[in-house]
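Please walk through this protein model step by step. Begin with its pockets, then follow the strands, and end with a few single residues.

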Amino acid sequence: SVPGGGAVFNVNDKLFLGMALGGVAGMGVNVDDIMSAGGSQPMVTTKQVFRFTPAAAYKVNDALTLGASLNIANQSLAMANANFSLPQNQQFGFGATLGATYKINPKLQAGLVWTSKTDVADMEYYTTTGTVSFDMDMPASVAFGLAFKPMPGLLVEADIKRIFFNDVMDRITVTTPGAPYPSALTFGWDDQTVYSIGVKKDMGP
């Protein structure tokens, strides 16, 4: 499980301040063929990201609300294969999120959110033959959603989200002292589109 938590403070009728913190899961994987040359060299990665997000939202009018947050991340990464092992290393990174919600009518509301790439400092490993370093950031994303209230006590929400993995996890150039460390990590991740739908029903008082 990934722990998380958050809080929102109502400053006045228009301004809200908040913060959230928690882990980002799903980034540690075993990659069957990662080398740019040779092939058939499985790589085991252990990646953990802890993110702290101070945020603010402003209610422009009864229909439109705008929001923004600063994304502060601590990324921890270890990698190993049959030829070498790079131990867990931690670096900080920063990004931002901008969002808006718009109430179309009393029953229908739309939302749009953009999250920038989180620019993480280079992962550096000091080995007996020299320094191994590379830049592994967290991907940007954009999402759109609709929330519909067909009747009191019932909410239906549908979202579509595009995550730009290819920009940060396709091919990563490595600064290396030489063998056995590769000159590039060809993870080969593609961009991903995620569809989701949720239903909330009040069962009673």
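**Pockets, strands and single residues**

The largest pocket has a volume of about 760 Å³. That value comes from a predicted model. The lining of the largest pocket is made up of 38 residues. Nearest its centre lie Arg51, Thr97, Val113, Thr115 and Lys161.

Which strands supply at least two residues each of this lining? Strand S2 (15–24) does, and so do strand S4 (43–59) and strand S5 (64–80). Strand S6 (85–105) and strand S7 (108–115) do as well. Strand S11 (141–151) and strand S12 (154–163) complete the set. By class, the lining of the largest pocket divides into 18 nonpolar, 15 polar and five charged residues.

Now turn to the second largest pocket. About 200 Å³ of space lies in it. The second largest pocket is lined by 14 residues. Closest to its centre are Thr101, Gly111, Leu112, Gly145 and Glu157. Strands S6, S7, S11 and S12 each give at least two residues to the lining of the second largest pocket. These four strands each supply at least two residues to the lining of the largest pocket too. The lining of the second largest pocket has eight nonpolar residues, four polar ones and two charged ones.

Next, the pairing of strands. S4 and S5 pair in the antiparallel sense, over 14 bridges. Within this pair, threonine 46 stands opposite alanine 78 in S5. A hairpin of four residues joins S4 to S5.

S5 also pairs with S6. The sense is again antiparallel, and the pairing runs over 16 bridges. Here serine 76 stands opposite glutamine 90 in S6. Four residues form the hairpin that joins S5 to S6.

Is asparagine 81 buried or exposed? Its relative accessibility is 13%, so asparagine 81 counts as buried. The cut-off for buried is under 20%. The side chain of asparagine 81 reaches the backbone nitrogen of asparagine 83 at 2.8 Å.

Phenylalanine 94 is also worth a look. Phenylalanine 94 is found in strand S6. At 48% relative accessibility, this residue counts as partly exposed. Which residues does phenylalanine 94 touch, not counting those up to four places away in sequence? They are Asn71, Ile72, Lys117, Thr118 and Asp119. Phenylalanine 94 and arginine 51 are 43 residues apart along the chain, and their C-alpha atoms are separated by 9.4 Å.

Four strands take part, in the order S9-S10-S13-S14, and the pairing is antiparallel. Strand S9 (123–127) and strand S14 (184–185) stand at the edges. Each has a single partner strand, so one side of each is left without a neighbour in the sheet. Strand S10 (residues 130–134) and strand S13 (residues 172–175) pair over two bridges. Serine 133 stands opposite threonine 175 in S13.

Follow the chain from S13 to S14. The loop between these strands holds proline 180. A cis peptide bond joins alanine 179 and proline 180, with omega at about 10°.

Beyond S14 comes another loop. Aspartate 190 has its place there, between S14 and strand S15 (192–201). Aspartate 190 counts as exposed, at 58% relative accessibility. The cut-off for exposed is over 50%. Leaving aside neighbours within four places in sequence, aspartate 190 is in contact with Phe165 and Asn166. Aspartate 190 and proline 150 are 40 residues apart in sequence, and 37 Å apart in space from C-alpha to C-alpha.

Finally, go back to strand S1 (residues 4–10). Alanine 7 lies in this strand. Its relative accessible area is 31%, so alanine 7 is partly exposed. Not counting residues up to four places away in sequence, alanine 7 touches Leu17, Gly18 and Met19.

Terms used. Residues are numbered from 1 along each chain as its sequence is written. This is a predicted model: local features need pLDDT of at least 70, side-chain atom pairs count only at pLDDT 80 or more; totals for chains, interfaces and linings use all residues. Side-chain values use heavy atoms; hydrogens and water are left out. On a 1 Å grid over the protein atoms alone, a cavity is a set of points where a 1.4 Å probe fits but cannot get out, and a pocket is an open set with protein on both sides within 12 Å along at least five of seven lines; lining residues have an atom within 4 Å of a point. Grid points are joined across faces, edges and corners, and a volume is the space filled by probe spheres set on the points. Ala, Val, Leu, Ile, Met, Phe, Trp, Tyr, Cys and Pro count as nonpolar, Asp, Glu, Lys and Arg as charged, and the others, Gly among them, as polar. Two strands pair if DSSP finds at least two bridges between them. Buried means under 20% relative accessible area, exposed over 50%, partly exposed in between (1.4 Å probe, protein chains only). A polar contact is a pair of N or O atoms within 3.5 Å; within protein, one must be able to donate a hydrogen and the other to accept it, and residues adjacent in sequence count only if both atoms are side-chain atoms. Contact means heavy atoms within 4.5 Å.
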